[in-house]
Amino acid sequence: MIGMIQLHGKDTLNDSCKLGYTLGKKYQGNGYMKEALEKIIDFAFSSLPVHRIEAEVVTEKKNL
């Protein structure tokens, strides 16, 4: 596994969800996450009843 993306926390009141992701350090800078994020964001807005996607920055480092 080189990383992961997760949509979670559907908020029906605000029609929103949260997005989180992580990518192993040796895979960063290759455009993998940019490509994956574009696909999952397109999916969320076209297939789920959401109008907003929120992301949170976590500075804690974990090894993948």
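1. Which pattern does the protein chain follow, read along the sequence? The answer is β-β-α-β, built from one helix and three strands. Here helices (H or I, at least four residues) and strands (E, at least two) are DSSP runs, numbered from the N terminus.

2. A word on the source: this is a predicted model, where local features need pLDDT of at least 70 and side-chain atom pairs count only at pLDDT 80 or more, while totals for chains, interfaces and linings use all residues. Residues are numbered from 1 along each chain as its sequence is written, and side-chain values use heavy atoms, with hydrogens and water left out.

3. The three strands make an open sheet in the order 1-2-3, with mixed pairing; two strands pair if DSSP finds at least two bridges between them. Strand 1 (3-11) and strand 3 (52-55) are at the edges with a single partner strand each, so one side of each has no neighbour in the sheet.

4. Have a look at strand 2 (residues 16-23), which runs parallel to strand 3 and is joined to strand 3 by four bridges. Lys-18 has Glu-54 in strand 3 as its bridge partner.

5. As for overall dimensions, the C-alpha trace of the protein chain spans about 40 × 25 × 15 Å along its principal axes. Of its 64 residues, 14% count as buried, meaning under 20% relative accessible area (1.4 Å probe, protein chains only).

6. Finally, contacts (heavy atoms within 4.5 Å): among those between residues at least 6 apart in sequence, 49% join residues at least 24 apart.

Notes. Buried < 20%, exposed > 50% of the residue type's maximum accessible area, 1.4 Å probe, protein only.
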